[in-house]
Amino acid sequence: MNEAIIKSYERKIHILFAFRILMWVICAAGCVYWIYWSFKIYELIEFEVHTYATMFRPHFNLGISISLISITISLVLRLISDGMKKKMREEMYKVR
């Protein structure tokens with residue numbers, strides 16, 4: 001019974017780790033999104049600071065929002081994972 005509980009904790013921890021990796025990939029995609037649009041808008045217009053800023057701001061806000069939300073979710077999943085690891089260690093070293 002002890003091994004079954006430990007294996008279930010390990011499985012949950014691995015699943016959370018996979019979701020955390022996914023969140024970091026989404027974060028990177030959000031950064032790549034606004035970087036792409038930064039260069040794309042720069043190529044589309046003759047460089048005027050106010051026009052560039054007005055066109056770029058919505059793309060930047062969306063990219064940064066996606067990145068910050070995914071990092072926050074990843075950190076919450078990390079806290080959950082650390083809690084499970086603590087419970088797993090307590091189960092492993094429980095005296096019977």
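These legends walk through close-up views of a predicted model. Local features need pLDDT of at least 70 and side-chain atom pairs count only at pLDDT 80 or more, while totals for chains, interfaces and linings use all residues. Residues are numbered from 1 along each chain as its sequence is written, and side-chain values use heavy atoms, with hydrogens and water left out.

**View 1. Y36 and W37 make an edge-to-face pair.** Five aromatic pairs are found in the structure; rings of Phe, Tyr and Trp (its six-membered ring) pair if their centres lie within 6.5 Å, with planes under 30 degrees apart counted as stacked, over 60 as edge-to-face and the rest as tilted. Here the ring centres of Y36 and W37 are 5.6 Å apart and the planes stand at 80 degrees, so the pair is edge-to-face. Y36 has a relative accessible area of 46% and is partly exposed, and W37, at 25%, is partly exposed too. Buried means under 20% relative accessible area, exposed over 50%, and partly exposed in between (1.4 Å probe, protein chains only).

**View 2. F56 and F60 form a tilted pair.** Their ring centres lie 5.6 Å apart with planes at 40 degrees, so this pair is tilted. Both residues sit in helix 2 (residues 49–92), four residues apart, about one turn of the helix; helices are DSSP runs (H or I, at least four residues), numbered from the N terminus. F56 is buried at 13%, whereas F60 is partly exposed at 30%.

**View 3. W34, Y52, F56 and F60 gather in one aromatic cluster.** Among these, Y52 and F56 belong to the buried residues of helix 2.

Conventions: Helices (H or I, at least four residues) and strands (E, at least two) are DSSP runs, numbered from the N terminus.
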